[in-house]
Amino acid sequence: MVSRFPPGNLNGTETPIRSSVELGAVVREQRKHLALTQLDLAGLGNTGNRFIVDLESGKPTVQLQKVLDLIDLLGLELVLRTKASWLANPSS
């Protein structure tokens with residue numbers, strides 16, 4: 001999928017995501033930063049508006065591939081890494 005939007009999180013920071021609600025909030029913030037409505041994003045992402053509403057409200061059962069496609073469309077990416085706190089004490 002080729003994105004028409006600037007790559008990366010526009011504020012240049014990493015945001016740890018620990019819940020579907022936190023992910024939804026980041027998606028909403030980026031969508032608004034790009035001046036898109038939920039309907040705009042649904043159309044660009046080839047999905048329904050209900051999916052966008054569910055994702056942004058933190059519904060934990062949204063389809064992962066659709067989420068990945070939408071965050072890519074918004075110029076975001078998902079990066080998994082080992083937690084620093086776990087690295088410091090992996091036996092706990």
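**Exercise 1. Which residues lie nearest the centre of the second largest pocket, and how many residues line this pocket?**

Solution. Start with the basis. This is a predicted model, where local features need pLDDT of at least 70, side-chain atom pairs count only at pLDDT 80 or more, and totals for chains, interfaces and linings use all residues. Residues are numbered from 1 along each chain as its sequence is written, and side-chain values use heavy atoms, with hydrogens and water left out.

Step 1. On a 1 Å grid over the protein atoms alone, a pocket is an open set of points where a 1.4 Å probe fits, with protein on both sides within 12 Å along at least five of seven lines; lining residues have an atom within 4 Å of a point.

Step 2. Read the lining. There are 13 lining residues, and Ser20, Leu23, Val62, Leu64 and Val67 lie nearest the centre. Two elements, H1 and helix H4 (64–73), each give two or more residues to this lining. H4 supplies the largest share, four residues.

Step 3. Sort by type. The lining holds 10 nonpolar residues, two polar and one charged. Here Ala, Val, Leu, Ile, Met, Phe, Trp, Tyr, Cys and Pro count as nonpolar, Asp, Glu, Lys and Arg as charged, and the others, Gly among them, as polar.

**Exercise 2. Describe the largest pocket.**

Solution. Step 1. Its space is about 800 Å³.

Step 1. It is lined by 22 residues; Glu14, Thr15, Pro16, Ile17 and Val79 lie nearest its centre.

Step 2. Helix H1 (residues 20–33) gives the most to this lining, with three residues. By type, the lining has 11 nonpolar, six polar and five charged residues.

**Exercise 3. How many helices and strands does the protein chain have?**

Solution. Step 1. Count five helices and zero strands. Helices (H or I, at least four residues) and strands (E, at least two) are DSSP runs, numbered from the N terminus.

Step 1. Along the sequence, the pattern is α-α-α-α-α.

Step 2. Check the burial. Of the 92 residues, 26% are buried. Buried means under 20% relative accessible area, exposed over 50%, partly exposed in between (1.4 Å probe, protein chains only).

**Exercise 4. Where do Ala35 and Asn46 lie, and are they buried or exposed?**

Solution. Step 1. Ala35 sits in the loop between H1 and H2. Asn46 is in the loop between H2 and H3.

Step 1. Compare the accessible areas. Ala35 is exposed at 64% relative accessible area. Asn46 is exposed at 73%.

Step 2. Read the backbone. Most residues other than glycine have a negative phi. Phi of Ala35 is near 60 degrees, a positive value. Phi of Asn46 is near 55 degrees, also positive.

Methods: Points joined across faces, edges and corners; volume = space filled by probe spheres on them.
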